Amino acid sequence: MAHATQVGLQDATSPIMEELISFHDHALMIIFLISFLVLYALFLTLTTKLTNTNITDAQEMETVWTILPAIILVLIALPSLRILYLTDEVNDPSFTIKAIGHQWYWAYEYTDYGGLIFNSYMLPPLFLEPGDLRLLEVDNRVVLPIEAPVRMMITSQDVLHSWTIPSLGLKTDAIPGRLNQTTFTATRPGVYYGQCSEICGANHSFMPIVLELIPLKVFEMGPVFTL
């Protein structure tokens, strides 16, 4: 969960998010190097006496500043494409959960457990317990196991929504008449929060997402389904 003074990304809870954080740091270092080089060139330009103003040909320099940006783009593109293919890969999921966006709440269906269906509404401030997070807590959490591939089938009943969990590196659009899918494997238990990331109407900011990730043995015991 993000906190008030946080500067970086949330801690990763899935291998995909770990890859995204690594790529973020990789791209940020390249940006720092480019910024330093540009600022250094500007400093030299402002402080030089311009003694070489008569030079009209510098083919070596032109070759360098043409090839160097191409190399930098390749260094950014290759890991980016790798992560793109990893996010689309489906590796024999153990569970399938269907999420349906409504104005303005989420409905979930456990298709592998007899079609268990429930709605997940944001808790009003009057119903919050001590320690609950305002505008992020829901009445029915999505309970899922860790260390097991989970496939999320995401769609919408009315307008565009977006099912997003930052700590898992998940952000999939919910589109009416279309079924999108995404997969993830959580690596540690806990409660993880997200929100609809699509401007879907007046109450757009009041349809949170809460995942409660528990060990597989606890998940198979069954009490989590007594809704």
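Guide: A polar contact is a pair of N or O atoms within 3.5 Å; within protein, one must be able to donate a hydrogen and the other to accept it, and residues adjacent in sequence count only if both atoms are side-chain atoms. The model here is predicted: local features need pLDDT of at least 70 and side-chain atom pairs pLDDT 80 or more, while totals for chains, interfaces and linings use all residues. Residues are numbered from 1 along each chain as its sequence is written, and side-chain values use heavy atoms, without hydrogens and water.

Visitor: What makes serine 162 and threonine 164 a polar contact?

Guide: Their side chains are 3.5 Å apart, and the limit is within 3.5 Å, so the pair counts. Serine 162 belongs to strand β6 (strands, E, at least two residues, and helices, H or I, at least four, are DSSP runs numbered from the N terminus).

Visitor: What does the side chain of serine 156 reach?

Guide: The backbone oxygen of valine 159, at 2.4 Å. A polar atom of the serine 156 side chain also lies 3.5 Å from the backbone oxygen of glycine 101. Serine 156 is in strand β5 (residues 150–156), and its 5% relative accessibility makes it buried.

Visitor: How do you know how many disulfides the structure holds?

Guide: The count is 0, where a disulfide is a pair of cysteine sulfur atoms within 2.5 Å. The cysteine sulfur closest to that of cysteine 196 is in cysteine 200, and at 3.9 Å it is too far for a bond. Cysteine 200 is therefore in no disulfide either, its nearest cysteine sulfur, that of cysteine 196, being 3.9 Å away. Cysteine 196 is buried at 5% relative accessibility, and cysteine 200 is buried with a relative accessible area of 6%.

Visitor: How many aromatic pairs does the whole structure have?

Guide: There are 5.

Visitor: Why is the pair of phenylalanine 95 and phenylalanine 219 given its type?

Guide: The ring centres are 5.1 Å apart and the planes meet at 80 degrees, so the pair is edge-to-face (Phe, Tyr and Trp rings, the six-membered one for Trp, pair with centres within 6.5 Å; planes under 30 degrees apart are stacked, over 60 edge-to-face, the rest tilted). Phenylalanine 95 is in strand β1 (residues 95–102) and phenylalanine 219 in helix α3 (residues 216–219), so the pair ties together parts 124 residues apart in sequence. Phenylalanine 95, at 9% relative accessibility, is buried, as is phenylalanine 219 with a relative accessible area of 1%.

Visitor: Which residues in the largest nonpolar core touch the most other members?

Guide: Trp106, Tyr108, Leu144 and Trp163, out of 31 residues; such a core is a set of buried Ala, Val, Leu, Ile, Met, Phe, Trp, Tyr and Cys residues joined through side-chain atoms within 4.5 Å. Elements giving two or more residues to this core include β1, β2 (105–110) and β10 (208–214). The largest share, 4 residues, is from β10.

Methods:
Buried < 20%, exposed > 50% of the residue type's maximum accessible area, 1.4 Å probe, protein only.
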